[in-house]
Amino acid sequence: MLALNALAGETPTSLIQAGGWFLEKAWIIPALPAISFVLILFFGKRMKYKGAEFGIISIAVAFIFAICCVGQWIGQVNNADSYTEKQEYHDGEKHSDEADHHETLSDEIYRTSSTEEGPAPSEDMTVLAVAEGGDGSGSVGIKPVVERFTWWESGGRAFQVGIMVDGLAVLMLFVVTAVSLLVHIYSTEYVAGDRRYTHYFAFLSLFSASMLFFVLSENVLQAIVGWELVGVCSFALIGHWWEEKPNSDAALKAFLTNRVGDMGLLIGMSILFWSAGSWSIIDINNAAINHDIGHSTLLIASLCLTAAVMSKSGQFILHTWLPDAMAGPTPVSALIHAATMVVAGIYMVARLYGVFFEGFDIAGSSFNVLAVVGSVTLVGAGLLAFVQDDIKKVLAYSTVSQLGYMVMALGVGAWTAAVFHLFTHAFFKAGLFLGAGSVSHSVHSFDMKKSMGGMRKFMPTTYKTFVVCTIALMGLPPLAGFWSKDEILVGTGGWGLFGGTGGNGTYVFALVMGIIGAALTCAYMTRVIYLTFFGEFRGDTHGHGDPHESGKRITIPLIILAVMATGAGFLNFPVGFLTGSKAGWQERFGHYVEPVATYFPPIAHGTPSWSLAIFSTVVALTGVSAAAYYYFVKVNAQSPAATELTNGLTEKNKAAKAGHTLLKQKYYLDHLYTDIIANGTKGPVADATYWTNQKGIDEAVNQVGKQTARAANFVYEKIDQNIVDGVVNLSGKASEGLGETTRTIIQRGKIHQYAAIMFAATTILAGLLIVFV
Amino acid sequence: MLLVQFLLLSSVLFCIGVYGVLARKNGVMVLMSIELILNAVNINLVAFGTMTNNIAGEVFALFVIAIAAAEVGVGLAIVLLIFRNRNSVDLSSMDSMKG
Amino acid sequence: MVAQNVFFGIMALVMICSALKVVSTKNVVHAALWLVVLLAGVAGQFLLLGAEFVGVTQILVYIGAVVVLLLFGVMLTKASLGEEADLNMPNRALPAVIAALMFGVMTYALIDTFRDTELPRESVTTTAMVSDSIFSDYIVPFEAVSVLLLAALIGAVVVARKE
C-alpha cells in the first residue's frame with residue numbers, strides 16, 4: 001500500500017502541493033485570539049462578562065476553524081494516497097536539466113519569490129511545482145501549504161512572515177485551540193471574582209494567539225518571536241497574583257530560566273541561518289538532510305537548540321522553573337505548563353527534525369544528547385514527584401517527566417511517537433490539572449496532606465475524571481497513555497531481545513529509563529489519588545460545611561478531557577495490531593501527521609512488539625500495586641486520616657533519609673542556581689570585575705592622562721620656558737647688552753666725542769678710498 | 001708757483017682747525033676753529049679755480065664767505081643762549097644728550 | 001717766480017703759526033687776535049692767486065665783521081679777560097691723533113696727485129669777471145644766499161633775544 005510505503009522512511013520521489021481554503025487561510029486562527037486580546041484590553045471591563053466573552057468566542061471560532069483545517073488536511077493526504085502515476089508539471093518555470101528528485105523547495109521558493117517583487121507586498125501564493133519524478137512507483141509526498149509575504153528587505157535578504165501548514169501544524173492547531181477553549185470555559189468559574197479577571201482573559205487570549213502563531217511559523221525568525229511571546233505570556237500569567245512575592249518570584253524565575261535557554265535558541269538559529277542561507281524551516285531541513293550543512297555545524301546547532309528545549313520544556317537541569325510556576329492560577333498551569341507552552345520545545349525539535357536527526361546522528365547509534373537528557377529528566381522528575389505535598393507540584397513534576405519522555409522519543413528517532421505522546425499528554429494532563437483545580441477550588445488549598453482526603457465522597461465527578469486521566473497517564477491499556485508510551489518504548493529500538501526491532505538505533509539506556517519512569521509514574525499518581533480522594537478529610541472549610549462538587553463549567557471540561565484521554569489513543573494503533581479489514585485503521589495519526597516530504601529526514605520506524613507492551617503494562621501494574629499497598633493498606637491501617645507511615649523507611653534508615661532529603665531539596669539545584677551561581681556572580685565576581693575596572697582599566701587610563709600631563713608640564717617648564725624662551729630672551733638681552741655697551745661708550749653726551757668720531761671715521765674712509773680705489 | 005703748495009697749506013690749516021674743533025672747550029673757540037677750517041677750504045677753492053682758469057672757484061669761495069658769516073652769527077646766538085641757560089659755555093659739561 | 005714763492009712762504013709760515021696759536025692759546029681774546037692775523041694771511045694768499053675781489057671781500061667780511069662778531073660773543077659770554085686755566089678739553093691726545101691722521105692722508109693724496117701741476121702766471125681775475133659770473137651763471141645761488149643771510153639774521157635775532 002502506498003500509504004504504508006510512504007511511511008517507510010523514504011524520501012518521496014514525487015510531491016504534490018497541498019491546498020485548500022482553510023489551510024491557506026490558517027493565519028486566521030492566531031489572528032482571532034489576537035484581536036480578542038486587543039478588544040479585551042480596550043473594552044473588557046465594560047462588557048457584561050468582563051471580557052471573557054471575547055476570549056471564549058474567539059477561541060471557539062478558532063477551534064472550529066482548526067477542525068476544518070484538520071478535515072482539509074486529512075483530505076489532502078487522502079488525495080496524495082490516491083495519486084499513483086499522475087504527475088503534474090509546473091508551468092512557466094524552467095528547471096535545469098537535472099532529473100534530481102531532490103528538487104529542493106528552497107530553490108523554487110527563491111526563484112518564485114525573487115520574481116515576485118511586485119508592488120503589493122501582500123501574500124503571494126507560491127504554488128510550488130512537482131518535482132520531475134520517476135515512474136510513479138515511489139512514494140508520493142505532500143508539500144505543505146506555505147504562505148508568506150516579505151516584511152522587509154535588508155542586506156540583500158528578505159525577511160518574511162508566513163505560515164507553513166502541514167500535518168504537525170494542523171495537529172497543534174487542534175490541540176491548542178481545544179485545550180484553550182476548555183480552559184477558557186473553566187476559567188470563567190475558577191477565577192470568577194478575581195481582582196484582575198479581565199486582565200487574565202486578555203492574557204489567555206494573547207497566549208493562545210502567540211502559541212498558534214508559533215505553531216504556524218514558516219521560518220525560524222517567526223518561531224523565535226512566537227517562542228518569546230509565549231514566554232512573556234507565561235510570565236504574565238504565572239505572576240497573575242503578583243502582590244504576593246512568591247508569585248512574582250516564580251514568574252521571574254520562569255522567565256529568566258527560559259532566558260538562559262533562549263541564548264541557545266538564538267545561537268542555534270543563527271548558526272542554521274548562516275549555514276543554510278535561509279530562515280525558512282523547510283530550507284533548513286532540506287539543507288540538513290541533503291548534507292549541505294557540515295555535520296559539526298549541525299551538531300553545534302543541535303546542541304544549542306537542545307539548551308533551548310531544556311529550558312522551555314523543562315528538561316533537566318533547567319526544569320526548576322516549572323514546579324515554581326504552579327504559583328499561577330490552575331487553568332493557566334493546565335493550559336501553559338501542561339498542554340501547550342512547554343511542548344513548544346518539543347514542537348521546535350519536531351519541526352527542525354532534519355537538523356537534529358543529522359546533527360546527533362540519531363540513526364544507528366545508541367546514545368545521544370537528546371535521548372540522555374530526556375531519560376534523565378523522566379526518571380529524575382519522577383523521583384521528585386514522590387516528595388511533594390502540593391498536588392499541583394506533583395503534577396508539575398509529572399509534566400516534566402512526560403516531557404522527558406517526549407524528548408527522549410525525539411532523541412531515539414521515534415518522531416511520530418513523540419508527537420503522539422504530545423497529543424495524548426495534552427489531554428490527560430490538562431484533565432489532571434483542571435481536576436486538581438476543581439478540588440482545590442472547593443477546599444481553597446493545594447496541600448494534599450493538610451487539606452484534602454476523602455474527596456471522592458464530596459466530588460464524584462472530579463474524582464472519576466481524575467482517575468480516568470490518571471490511568472491514561474500511567475499508561476495502562478486501553479487508555480491513551482498506553483498507546484503513546486508504548487510507541488515511544490518501541491521506538492527506542494532496544495527491545496531486540498524480546499523480538500520486535502527496527503527503530504533508528506539501539507537505545508537501551510533510554511528504554512530502561514523509560515520503563516523505570518513508567519513504574520515511577522504509576523507509583524506517585526497512586527499516592528496522589530490516595531492522599532486526595534481517599535482516607536479522611538483533613539481539611540478545614542472554615543465553616544462552609546463539607547466541600548462540594550464544582551459547578552458545571554468546571555466539570556464539563558473535565559468530562560470532555562477524560563473522554564479525550566480515553567479515546568485519543570485509538571488514533572494510532574500500531575502496525576500489526578489490527579488485522580483484516582480493520583488494518584486500515586492502523587497508524588492513522590502517524591499517517592496524517594508525519595510528513596512525507598523532502599524536508600523530513602528518512603527515519604525508521606520501530607516494529608511494535610507484543611512482548612514489550614505486555615512487559616511495560618506489567619511494570620506499570622507493579623508500580624501501582626506497590627504504591628497502593630503502601631498507601632491503601634498500611635497507611636490506611638494506621639489511620640484513615642494519616643498521610644504517611646510514621647515509622648516509615650525514612651525514619652529508620654539513614655540512607656533512605658538522605659535520599660529523601662535530596663529529593664526534598666530538589667537535588668539542590670535551586671541552591672546551586674540561587675546561592676552559588678547568582679550570589680557568587682553578584683558578590684565576588686562582581687566585586688572582582690569592579691576592582692579590575694577601577695584599578696586596572698581606569699587606572700591605566702588615568703595613568704596615561706597623568707603621564708601626559710607630566711610630560712606636557714615638563715615640556716612647558718624645561719623646554720618652552722627655558723630653552724625656547726631663553727633663546728628669545730637671550731637675543732633680547734644680547735641686543736640690550738650691546739646697546740648698553742655702545743651707549744656707555746659712544747653716547748656720553750660729549751659733543752666733542754661725536755665730532756671726533758665723525759672726523760676719524762671720515763679720515764679712515766677717505767684713506768681707504770685713496771689707497772684702494 | 002706750484003699748485004701743491006697752496007693745497008698743502010690749505011690742508012695744514014684744515015687739520016689745525018679740526019684739532020681746534022675737537023680740543024677746545026669754549027664754544028666761541030670752537031667757532032673760531034670752524035672759521036679756520038672754512039678759510040682753508042677757501043684757499044683750496046681759489047687755488048683750484050686759478051689752476052683751471054675757471055672763475056667758479058672764486059665765486060664759490062665768495063659764497064663760502066657769505067655762508068660762514070651767517071653761520072657765525074647763528075652759532076654765536078646759540079652760544080649766547082646756552083650761556084644764558086647754563087651760565088657757562090663749557091662744552092664738556094653739556095652732556096644732557098647723554099644716553 | 002721767486003718773489004711769489006718767497007712771499008708765499010713767508011705768509012704761509014705766519015699763517016700756520018697764527019693758526020697754531022689760535023688753537024692753543026689760553027687767552028680767548030688773544031685767540032681772536034691771532035685769528036685776525038690768520039685771516040689777513042688768507043687774504044694775502046688770495047691776492048697772490050690773482051683773486052682780487054675775493055681777497056678784498058675776505059678782509060671786509062671776515063676781519064671786519066666776523067671777528068668783531070666773535071669778540072662780541074666772547075664779551076657776552078663773560079669769558080674771563082686774561083688767561084683761563086682750562087680752555088682745552090681734558091683729552092687732547094685723540095684730537096691730535098685724528099688731526100695728524102687726517103693730515104697724513106690728505107698730504108699723501110695731494111702730493112700723489114698734484115705733484116707737478118703748475119699754476120698759470122699772470123692770471124688775474126677782475127671784479128668784473130666775478131660779477132659777470134655771479135649775475136649770469138650763478139644768479140640762483142646768489143639769490144639763495146641772500147635768502148639765507150636773511151634767515152640767519154632773523155634767526156639769530158630770534159634765538160638770542162631776551163624773553
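Helices (H or I, at least four residues) and strands (E, at least two) were taken as DSSP runs, numbered from the N terminus. On this basis, chain C has 6 helices and 0 strands, and its elements run α-α-α-α-α-α from the N terminus on. The structure is a predicted model, in which local features need pLDDT of at least 70, side-chain atom pairs count only at pLDDT 80 or more, and totals for chains, interfaces and linings use all residues. Residues are numbered from 1 along each chain as its sequence is written, while chains are lettered from A and ligands numbered from 1 in the order in which they are written.

Of the 163 residues of chain C, 29% count as buried (20 or more other C-beta atoms within 10 Å of the residue's own, with C-beta atoms placed from the backbone). Contacts were assigned where the C-beta atoms of two residues, placed from the backbone, lie within 7 Å. Among contacts in chain C between residues at least 6 apart in sequence, 59% join residues at least 24 apart.

The contact between chains B and C takes 60 residues from chain B and 75 residues from chain C. On the side of chain B that touches chain C, two or more residues each come from helix H1 (3–23), helix H2 (27–51) and helix H3 (56–86) of chain B. H3(B) gives the largest share, 21 residues. By class, this side of chain B has 45 nonpolar residues (Ala, Val, Leu, Ile, Met, Phe, Trp, Tyr, Cys and Pro), 11 polar and 4 charged (Asp, Glu, Lys and Arg), the others, Gly among them, counting as polar.

In chain A, 17 of the 19 residues of H7(A) are buried, so this helix is largely enclosed by the rest of the structure.

How values were computed:
A residue is buried if 20 or more other C-beta atoms lie within 10 Å of its own, exposed if 12 or fewer, and partly exposed in between; C-beta atoms are placed from the backbone.
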